[in-house]
Each structure stands twice: as structure tokens, then as C-alpha cells.
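Subject: Structure handover

Hello,

Please find the structure below. My notes on it follow.

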Amino acid sequence: MSTEQEPTTPQEELAEAPAREQPEAVDHAAALDELQDRWRRALADLDNLRKRHAKELDAVRNDERARTAAAWLPVVDNLDLALTHAGSDPSAVVEGVKAVRDQAVGVLRRLGYPRYEETGVPFDPAVHEVVGTVDDPDAEPNTVVRVMRPGYGEGSRQLRPAAVMVSKRQE
């Protein structure tokens, strides 16, 4: 046996190098496998979260629709009652229909959409829609003179603007 080592070529050294560093490569491969596993689990958790959120959103929507529909049921009941009395005294039917309208306006108010139909206020494009102008010497220019169709809601929760007639500038 000789104590001298045989000279190696650079190719042999390169071939032996991965063998010497193999425990490190195994550590890197294990770490990579663990990270890939954690990444897959995170994706699965995200997918489950999306599905759960979609179910919760549908449930909230359905609950809100049911609550809104339930708020309108008395209005529908009173309209049916008014129709059953349509053959009786016409003034009583008109009063009944007005009462049902007031009830419907109350439902909208409770749902967060109050009715507004003020006259004599300055025109505001955020809450008014001009459908015409009138020459009214008693009113200031750009003032709401008549409400053709009331508006509902306020601020960012506006269902629709009020359709109004506005006084035009007097020349």
C-alpha cells in the first residue's frame, strides 16, 4: 500500500465534487420540498377562504333580500285590500291608496332611502335632475320650483335624483 495519492485530473475532481457536497444538496432538496408543500397548502387555504367567503356573501345577500321583501309584504297586503274595496266609495279608495303610498314611502325610509321633494331650494345637480325650466318672477334663478318626480336616498346611497322644474335666469 502506498501512502501517496495518485494524481487526479480536473475532470475527476469535478466528478468527485458533487459526491462530497451531496449531504448539502440533500438538505437543499428537503428544504425545497418543504417550501413547495407549504406553498401548496397556502394555495389550498386561499382557495378554501375564497369559497367560504363566497358562501357567506350569498347568505348575507339572501338574508338582506328576505328582510327587504318582508318589509314590503304589508304594502302588498294593503294594496290587495284596496283592490277588494275598489267597487265601494271612490273617495275611500283614493284615501286607501294614499295611505298605502305613505306606507311604501315609510318602508323606503326605514331601508335608508328617505323621500325628498322640496321646492324653493337651490338646484343641486347631486340630488336633482332638471326636466325643464320655467320663468317664475317670484323665484330666485336656479331654484327648484316644482318637483315632477320625488327623489329617494341621500348622499352616496341615492336611488334616484328628484326630477324638478327650475326657475331660469330672468333677463
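A residue is called buried under 20% relative accessible area, exposed over 50%, and partly exposed in between (1.4 Å probe, protein chains only). By that rule Arg-41, at 54% relative accessibility, is exposed.

Before the rest, a word on the source. This is a predicted model, in which local features need pLDDT of at least 70 and side-chain atom pairs count only at pLDDT 80 or more, while totals for chains, interfaces and linings use all residues. Residues are numbered from 1 along each chain as its sequence is written, and side-chain values use heavy atoms, with hydrogens and water left out.

Salt bridges

Side chains of opposite charge can pair when their charged atoms come close. A salt bridge here is a side-chain nitrogen of Lys or Arg within 4 Å of a carboxyl oxygen of Asp or Glu. The structure has 9 of these salt bridges, and three of them are described here, with helices (H or I, at least four residues) and strands (E, at least two) taken as DSSP runs numbered from the N terminus.

- Asp-37 forms a salt bridge with Arg-41, at 3.0 Å from N to O. Both residues belong to helix α2 (residues 22-84) and sit 4 residues apart, about one turn of the helix. Asp-37 is partly exposed, at 34% relative accessible area.
- Asp-47 forms a salt bridge with Lys-51, at 3.3 Å from N to O. About one helical turn separates Asp-47 and Lys-51, because they are 4 residues apart in helix α2. Asp-47 is partly exposed at 33% relative accessibility, and Lys-51 is partly exposed at 49%.
- Glu-64 forms a salt bridge with Arg-67, at 2.6 Å from N to O. These two are 3 residues apart in helix α2, so about one helical turn lies between Glu-64 and Arg-67. Glu-64 is partly exposed at 37% relative accessible area, and Arg-67 is partly exposed at 47% relative accessibility.

The sheet

Strands of a sheet pair through backbone hydrogen bonds, either parallel or antiparallel. Two strands count as paired if DSSP finds at least two bridges between them. In this model, 3 strands make an open sheet in the order β2-β5-β3, with mixed pairing.

Strands β2 and β5 (residues 162-167) run parallel and are joined by 6 bridges.

Regards
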